[in-house]
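This report describes a helix crossing and a set of aromatic pairs. The sequence and structure are shown first.

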Amino acid sequence: MTVIYDRPAPAPTGSADPPRHLLRLRRDVLVGPDGDDVELTHPWGRQRVHSLGSATVARLARLAEEDTAAGTLAADPDGVRLLRLLERFPYLVTSILAAGDGAPLATAVPIARSATLPAGAPDGASAHRPVVLSRFAYLRRLPDPGADACVVESPLASYRVALRQPAVSAFVAALTSPRVPAEAAAVAGLSTPVGEALAGLLSATGFLEPAAGEDGAEPELWDFHDLLFHSRSRAGRHDYPSGGVFAHQDHPQLPAVPGAGPREEGPGIDLPVPDWSRVVAGEPGFTEVLEGRRSVRGYGDRPVTVAQLGELLYRAARVRQVIPGDPQSPTAYDIVDRPYPAGGSTGELELYLSVANCDGLEPGVYRYDAAAHRLKPRRWSGTADEAAFRELLTAAWRATNRTVEPQVLLTVTSRFGRLSWKYSQIAYALTLKHVGVLYQTLYLVATAMGLGPCGLGSGDTDAAARALGLDWTEETSVGEFLIGSLPEGPAPAAKSFRDVVARSRGSLD
C-alpha cells in the first residue's frame with residue numbers, strides 16, 4: 001500500500017483549492033471482512049489481520065471501492081488504526097494526487113513488495129533544490145488505452161506512476177534537465193504548489209536522482225536497457241503477469257516446424273545422417289570433450305566439409321520429435337524435442353548458414369531444415385542481398401579481433417512468437433538462455449568431432465534480416481557461431497583437469 005498524507009498547499013492554476021492526496025487499495029486487492037478480522041488477498045499472497053475492529057474493517061472495505069483523503073483518516077481512532085494497518089502493508093495501496101477540483105493528476109501504484117510509504121510534497125528547503133529525472137526512468141503507453149495508460153516507470157522504482165493529464169507529462173519532461181519544482185511547473189503550465197506536490201511524489205516513489213552527496217546514488221555500472229531487461233524479466237521488481245500465462249491465445253500459435261521461407265527454391269540439399277555406431281566408437285569420452293572445449297580462431301588450409309556440417313547440425317540442432325498438442329485445449333501447442341533442453345519445448349530457435357568456404361557447398365546463405373535434416377538455399381534476389389551476406393561475414397571477422405577469415409557462420413534466429421504466445425515478461429530472456437544452451441551443445445559436439453568452434457558475442461540484426469530474407473520483428477537473429485576446420489597437426493587433447501584450485505586455496509593461507 002502507498003500512503004501520502006494530506007498536506008496543505010496553495011491552489012494549482014485554475015483552482016481555488018490546494019492539491020489533494022487520496023488513498024485507495026490496489027484494484028486487485030480483495031478485502032474479506034470477518035467480524036473484527038479481515039483477510040487481504042493480493043498478488044503477493046494473503047494476510048489475515050485479527051482484532052482490527054468492525055468499524056475499521058468497514059472503512060478498509062470502502063477503501064477498496066472509493067478514494068479517501070489521508071487527512072480524514074487521521075481525524076478519529078478508527079481511521080488512525082486503519083492508517084497503521086496501511087503502514088504494515090504499504091504495497092497494497094495506491095496514492096492519487098488530485099487537483100483542488102478533484103481532477104486526478106497522477107496515480108502512484110506500488111509494483112513490488114519492497115515498496116515503502118512515500119511522503120507528501122517536499123518541505124520548504126527541498127522544494128527550492130534542483131531535481132532531475134533518473135536516467136533509468138522512461139515514459140510509455142500501456143497496451144490497454146485509458147486514463148492510466150501513460151505511465152512513467154523505472155527498474156529502480158517500486159512504483160508505476162500514471163500521468164493523468166498532459167501537463168503532468170510535460171512536467172516530467174521538464175525534469176530531464178535539473179530544475180527546481182517551481183520552474184518545471186512553469187514550463188508545464190502548472191502552479192508551483194502542484195509542481196512541488198508532483199516532485200514530492202516522483203521523488204518519494206524513486207523517479208528522481210538523489211542530489212549530490214545524498215545516499216542512494218544510482219548504479220553506475222548498469223546501462224539503462226540492461227537494468228530494465230533484468231528487472232522486468234524476473235519476478236520481484238514489477239507486478240505484470242509473468243511466466244506461462246498464455247496472454248496471446250487469440251492469435252494462432254506459429255507452426256512447430258516452419259515451412260519454406262522467402263527466396264527458397266527447389267527441394268534443397270539432403271544432408272547425410274551420421275551412423276550411431278561409428279560416432280559412439282570413434283569419439284573421446286565426455287570429460288575429455290568437456291575439458292578440451294575451447295574457442296578456435298584459426299583454421300586449417302582444408303576447409304570444413306558439408307558432411308561434417310551435416311553431422312554437427314544433426315547431432316546438435318535437429319528436430320528429434322514433434323509431439324502434437326491437444327486440439328481441444330486453447331493453451332496446447334506442439335512440443336518440439338531437440339538435442340538441447342529448452343523451456344516450454346517450443347523449438348523457436350532456427351539456424352542459418354552463411355557459407356564462405358566449405359568443401360561441397362557453394363558460397364551463399366542456407367536455412368537448416370531441422371526436421372528434414374536438409375539445407376535450403378536462399379537465393380540472392382540482387383546485389384543488396386549479397387552485400388548483406390558479406391556484411392555478416394565481415395562482422396564475424398571483426399568479432400574475432402580480425403584473426404580469422406570465416407569458413408561457415410551459423411546465425412541463430414528466434415521465431416519469438418513461439419515463446420511469447422505462452423510466456424509473458426520472460427520470453428526474450430528465455431530465448432537467450434536457449435541460445436546459450438545451443439552454444440554449449442555446438443561447442444561440445446564440434447570439439448568431439450575435431451572441428452573448430454567459436455561463439456560470438458554480438459551480431460548485426462538488420463544485416464542478418466537482409467541477408468537471410470527475414471522480417472526481424474517476426475524472426476530475429478539472437479546469436480552467431482563460427483565453425484571451421486582445425487589447423488593441421490594433431491588436435492590438442494585434454495589429459496587432465498585444469499584449474500586454479502591449489503593456487504586459490506594457497507592465496508587464502
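## Helix packing and aromatic pairs

In this predicted model, the axes of helix H10 (residues 306–317) and helix H13 (residues 427–449) approach within 9 Å and cross at roughly 135°. H10 is therefore oblique to H13 (under 35 degrees is roughly parallel, over 145 roughly antiparallel, 65 to 115 roughly perpendicular and the rest oblique). The crossing of H10 and H13 is right-handed. The contact (heavy atoms within 4.5 Å) includes Leu 312 and Arg 315 of H10 and Leu 438 and Val 445 of H13. Its residues divide into 9 nonpolar, 2 polar and 2 charged.

Residues are numbered from 1 along each chain as its sequence is written. Local features need pLDDT of at least 70, side-chain atom pairs count only at pLDDT 80 or more, totals for chains, interfaces and linings use all residues, and side-chain values use heavy atoms, with hydrogens and water left out.

The whole structure holds 10 aromatic pairs (ring centres within 6.5 Å; planes under 30 degrees apart are stacked, over 60 edge-to-face and the rest tilted). Two of them are tabulated here.

| Pair | Geometry | Centre to centre | Between planes |
|---|---|---|---|
| Tyr 138 and Phe 224 | edge-to-face | 5.9 Å | 75° |
| Trp 380 and Phe 389 | tilted | 5.1 Å | 50° |

Because Tyr 138 lies in strand S8 (residues 138–141) and Phe 224 in helix H7 (residues 224–232), their pair ties together parts that are 86 residues apart in sequence. Tyr 138 is buried at 16% relative accessible area, whereas Phe 224 is partly exposed at 31% (buried is under 20%, exposed over 50%, partly exposed in between). Trp 380 is partly exposed at 30%, and Phe 389 is buried at 0%.

Definitions and conventions
Axes fitted to C-alpha atoms, helices over the stretch in contact; angles between N-to-C directions. Helix = DSSP H or I, 4+ residues; strand = E, 2+ residues; numbered from the N terminus. Left-handed = near helix turned anticlockwise from the far one by under 90°. Nonpolar A, V, L, I, M, F, W, Y, C, P; charged D, E, K, R; others polar. Phe/Tyr/Trp six-rings, centres within 6.5 Å; stacked < 30°, edge-to-face > 60°. Buried < 20%, exposed > 50% of the residue type's maximum accessible area, 1.4 Å probe, protein only.
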